[in-house]
Amino acid sequence: MEKMKLRAAWLFPDILYLHGERGNMLAFQRIAGFAGAEVEVDRIDLDTEEFDPMAYDFIFCPPGEIASFPVLIAWLQPYKEALKSYIDEGRVLLVTGTSQCIFGGRTIREDGTILSGLGLIDCDFKERKLVYGDDLYFETCYGCEEGETLEIFGSQIQMMDVDSRETPFGTLKYGFGNSGEDRNEGSLKNNSIFTNTLGPIFVLNPWLTKKIVVQCLCNIGVEIEEFDFDVSLERKSLETKTMFTDRKVTRLHNCK
């Protein structure tokens, strides 16, 4: 029996390479394999001659230095409408960390200059003078049945504050999230995720990766039965880390 196939695009891996986020693509391939799907990955670089977003089932954009974004935004500009159609049709785009700026509206740099993104999500950003780093723990309903939620744990190295008018990707249980002023984490537009979560998110939270794989297969008309794989190590890790964050919250409350 021929294996199901998914096509994935990995945007600018030689430029956007912070925080070990290549692990997200490796985790996506591995968990898709448990579902019986083979993933073909194309690296999209500045020297790629033709990029057709609609040819892909999954697109991944990892984080990078904000200083590199003007060149990347200019390169992606001719594909803006195709990327909009990709998102509007419910295909899956994962954007992590700083690279949310590429797809949003204005980013006000720390020196006062303004960077204009592709405008595909209703978000603006402000570069922080002081970088924030901590654990990030939240719940999301992505791909869930009614009444079900997923617990997501990762890290956050926040180089900018996010002002998002999109649906939040998740609700914070611990951490800074978009701006530190509410309980919102990231943005969700149809099935596309824009998140502050590093770690990388797919490696630490395989239950989310599974939901993404199922959605990608559904988008190509493949309805798969439930598939299982061992996540006992990740569950134990989540339990330990959430106990640690609970103790941090308790200490903060006791100091007030």
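Phe 12 lies in the loop between strand S1 (4-11) and helix H1. Helices (H or I, at least four residues) and strands (E, at least two) are DSSP runs, numbered from the N terminus. This is a predicted model, in which local features need pLDDT of at least 70 and side-chain atom pairs count only at pLDDT 80 or more, while totals for chains, interfaces and linings use all residues. Residues are numbered from 1 along each chain as its sequence is written, and side-chain values use heavy atoms, with hydrogens and water left out.

## Backbone details

Phe 12 is not a glycine, yet has a positive phi of about 50 degrees. At 0% relative accessibility, Phe 12 counts as buried. Buried means under 20% relative accessible area, exposed over 50%, and partly exposed in between (1.4 Å probe, protein chains only).

Asn 190 sits in the loop between strand S11 (187-189) and S12. Asn 190 counts as partly exposed, at 44% relative accessibility.

The peptide bond from Gly 199 to Pro 200 is cis, with omega near 0 degrees. Pro 200 belongs to the loop between strand S12 (192-195) and H5.

## Overall build

The protein has seven helices and 12 strands. Its radius of gyration is 18 Å, close to the 18 Å that the globule rule gives for 256 residues, so the protein is as compact as a globular protein of that length. That radius is taken over C-alpha atoms, and the rule is 2.2 Å times the number of residues to the power 0.38. Along the principal axes, the C-alpha trace spans about 60 × 45 × 30 Å.

Buried residues make up 50% of the 256 residues. Contact means heavy atoms within 4.5 Å. Of the contacts with a separation of 6 or more, 71% are between residues 24 or more positions apart. The accessible surface comes to about 12300 Å², and 49% of this belongs to carbon and sulfur atoms. Accessible areas come from the Shrake-Rupley method with a 1.4 Å probe; for residues, only the protein chains shown count as cover.

## Pockets and cavity

The search uses a 1 Å grid over the protein atoms alone. A cavity is a set of points where a 1.4 Å probe fits but cannot get out. A pocket is an open set with protein on both sides within 12 Å along at least five of seven lines. Lining residues have an atom within 4 Å of a point. Grid points are joined across faces, edges and corners, and a volume is the space filled by probe spheres set on the points.

| Space | Volume |
|---|---|
| Largest pocket | About 280 Å³ |
| Second largest pocket | About 160 Å³ |
| Largest cavity | About 50 Å³ |

The largest pocket is lined by 14 residues, and those closest to its centre are Trp 207, Lys 210, Lys 211, Glu 226 and Phe 227. Helix H6 (residues 206-219) gives the most to this lining, with four residues. By class, the lining divides into seven nonpolar, no polar and seven charged residues. Here Ala, Val, Leu, Ile, Met, Phe, Trp, Tyr, Cys and Pro count as nonpolar, Asp, Glu, Lys and Arg as charged, and the others, Gly among them, as polar.

The lining of the second largest pocket includes Ala 27, Arg 30, Phe 202, Asp 230 and Glu 234. Helix H1 (22-34) and helix H5 (201-204) each supply at least two of its residues. H1 gives the most, with four. This lining has eight nonpolar, no polar and three charged residues.

One cavity of 30 Å³ or more is counted. Its lining consists of His 19, Pro 63, Gly 97, Thr 98, Ile 157, Gln 158, Met 159, Asn 196 and Leu 198. Four of these residues are nonpolar, five are polar and none is charged.

## Two buried residues

Thr 98, in the cavity lining, lies in the loop between strand S4 (92-96) and helix H4 (100-103). Thr 98 is buried, with a relative accessible area of 5%. Beyond its neighbours within four places in sequence, Thr 98 is in contact with Pro 63, Gly 64, Ile 66, Phe 69, Met 159 and Met 160. Thr 98 and Lys 84 are 14 residues apart in sequence and 20 Å apart in space, C-alpha to C-alpha.

Gln 215 lies in helix H6. At 19% relative accessibility, Gln 215 counts as buried. Neighbours within four places aside, Gln 215 is in contact with Gly 90, Val 92, Tyr 142 and Asn 191.
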